[in-house]
Amino acid sequence: MSHEHEAQGREPEPAAGAVEVPRVLPEVGRPRDAIFDEMTALAADDRDWRTGRTFGLVFDGGEDVRAVGRDAYVRFMSENALNPMAFPSLGRMHADVVAMTAGLLHHPRPSGDVGFMTAGGTESLLMSVKAARERGRARGVSDPKMVIPTSAHAAFDKGGESFGVEVVRIPVRGDFRADLDATAAAVDHRTVLVAGSAPGYPHGVIDPIPELAAVAAGVDANFHVDACMGGMVLPFMEQLGEPVAPWDFRVPGITSISVDLHKYGYTPKGASVILYAEEARRLDQVFLFDGWSGGFYASPAMLGTRSGGPIAGAWAVLQYVGASGYRELTRVTLDAARRIAVGTRAVDGLDVVGEPDMTLLAIRGAAGSGLDVFAVEDGLKARGWHLDRQSDPESIHATVSRGNVAAVDDFLADLSAAASEAAGHRADNRATTYSSLD
Ligand SMILES: Cc1ncc(COP(=O)(O)O)c(C=O)c1O
């Protein structure tokens, strides 16, 4: 049940175009055509991201990029990355992807041995927590805690719960970046992890990474940079001559950085990378067990069996797009995000939260306007747009990627119309909508 529905205490309505799918295993297999027809029918109410009206959730590099990713994925979907000794191809592609990413992030010794691929940003963040806990344990911390800004992704809390690390969240400053003084005051000998984002999801701003790294170093804690969103954009912004605050391995004191390839790397889903500055910290992430009758078990992250699909998809797409291709993707997407920001501020009653550093932005009611941005979102939803609602401040979130570029003018026209309609109205439903269980 989604938060939205939980909040209202009722079951979700069945989707309008939903078909009756049998909920039992058919005794006799069904014809392939019938199955695929039914899938097409089932997808009738899905967001059609191909129109560019879905912000976030889908990162589409265009038809050719999608085809390269798909074909590479399908070619290796049955191969199992659980054991690269059985599939050296996957071991090699994994190492290449890690090395390419490490090079982009100015790792001092970029190679295939400085990190791991995971299934996504959440798994990478979980691993940053696990690695920090292990280092803390080694120096005798039995009741570890992490200190992170309120803007850091919720997966850190999932990591805290999973690995027994208390989460202390520090409210962000007026510019929505991590509060250094409050972070410095909150860390102590129990602190095993401090984290910052480049940029954070909610407001799209980069935390003061060098200063946070220094705070972490002061208490021998790990410092993780969540660049799940920025890792495949910021390097290319810098190459384009755009101003970018320091965030990568050139900053002293960073322990690890996560970069999602399945976001702005435009690779098939299931692909993130976590990179470590030092080998000892990387080894803190892995799980080794030699007491099982099934044999020696070595596991770098949360999963056991892993399809080779995401690894092959990432390997192929990174090379197909290349640095110049990513610069171009970055250029057009940044331009689109900036047009949306300028266009939003031109709409009476609307404003952008803070000063976004790249291609993520949040739209709010302008101070003193009384405009309810959730009522504006209702109007956008009715026009087929998908944006997430978030809190603190109440705002609607747009992760702008290549697929949205052609739709910017339509979006601004609909935003303006939805804002006019919303004047004087307040949406009844105040629930926020990042993700749900159904
Ligand atoms: C900054 C940041 N970190 C982590 C994540 C989690 O990534 P995933 O959804 O791939 O698990 C996200 C997802 O949007 C994100 O924006």
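Student: Where is Asp 392 found?

Tutor: The model is a predicted one. In it, Asp 392 sits in the loop between β12 and β13.

Student: Why is Asp 392 called exposed?

Tutor: Exposed means over 50% relative accessible area. Asp 392 has 62% relative accessibility, so it counts as exposed.

Student: What is to be noted about phi of Asp 392?

Tutor: Phi is near 60 degrees, a positive value, and the residue is not a glycine. A cis peptide bond joins Asp 392 and Pro 393, with omega about 0 degrees. Pro 393 is also in the loop between β12 and β13.

Student: Which other residues does a cis peptide bond join?

Tutor: Ala 198 and Pro 199, with omega about -10 degrees. Pro 199 lies in the loop between β4 (191–197) and α8 (209–218).

Student: Is Phe 176 buried or exposed, and how do you know?

Tutor: The cut-off for buried is under 20% relative accessible area. Phe 176 has 12%, so it is buried. It has a positive phi of about 70 degrees, although it is not a glycine. Its place is the loop between β3 (166–170) and α7 (180–186).

Student: Back to β12. What makes it an edge strand?

Tutor: Take its sheet, an open one of four strands in the order β10-β11-β13-β12, with antiparallel pairing. β10 (350–352) and β12 (388–390) each have a single partner strand, so one side of each is left without a neighbour in the sheet. The twist averages 35 degrees from one strand to the next.

Student: How do you know that β10 and β11 pair?

Tutor: Pairing needs at least two bridges between the strands. β10 and β11 (residues 360–365) have three bridges, in the antiparallel sense. Within this pair, Val 352 stands opposite Ile 363 in β11.

Student: Which helix packs on the sheet?

Tutor: Helix α12 (residues 373–382). It touches β10, β11, β12 and β13 (395–399), and its direction makes about 50 degrees with that of β13.

Student: What is the strand order in the sheet of seven strands?

Tutor: The order is β1-β7-β6-β5-β4-β2-β3; the sheet is open and the pairing mixed. β1 (115–118) and β3 stand at the edges, because each has a single partner strand. Neighbouring strands are turned by 20 degrees against each other on average, direction ignored.

Student: What joins β1 to β7?

Tutor: Four bridges, and the strands run antiparallel. The threshold is at least two bridges. The four between β1 and β7 (residues 272–276) meet it. Thr 118 stands opposite Ser 272 in β7. Helix α4 (residues 88–104) lies across β1, β6 (256–260) and β7, at about 110 degrees to β1.

Student: Why is β2 called largely enclosed?

Tutor: Five of the five residues of β2 (residues 145–149) are buried, so the rest of the structure largely encloses this strand. Lys 145, Val 147 and Pro 149 point one way, Met 146 and Ile 148 the other, and all are buried. In a regular strand the side chains alternate between the two faces of the sheet.

Student: In which sense do β2 and β3 pair?

Tutor: In the parallel sense, over five bridges. Lys 145 stands opposite Glu 166 in β3.

Student: How does the span of α5 compare with the expected one?

Tutor: α5 (residues 121–138) has 18 residues and reaches 26 Å from its first C-alpha to its last, close to the 26 Å expected at 1.5 Å a residue. 14 of the 18 residues are buried, so α5 is largely enclosed by the rest of the structure. Gly 140, with a positive phi near 90 degrees, follows the helix.

Student: Which residues come nearest the ligand?

Tutor: Of the 14 residues around the ligand, these are Gly 121, Thr 122, Asp 226, His 262 and Lys 263.

Student: Last one: why does Glu 38 count as buried?

Tutor: Its relative accessibility is 16%, and buried means under 20%. Glu 38 is in helix α2 (residues 32–42). Its side chain makes a polar contact of 2.9 Å with that of Arg 30.

Terms used
Residues numbered from 1 in each chain as written. Predicted model: local features only at pLDDT ≥ 70, side-chain atom pairs only at ≥ 80, totals over all residues. Heavy atoms only, no water. Helix = DSSP H or I, 4+ residues; strand = E, 2+ residues; numbered from the N terminus. Buried < 20%, exposed > 50% of the residue type's maximum accessible area, 1.4 Å probe, protein only. Polar contact = N/O pair within 3.5 Å; in protein donor to acceptor, adjacent residues only side chain to side chain. Expected span 1.5 Å × (residues − 1). Axes fitted to C-alpha atoms, helices over the stretch in contact; angles between N-to-C directions. Contact = heavy atoms within 4.5 Å. Near = heavy atom within 4 Å.
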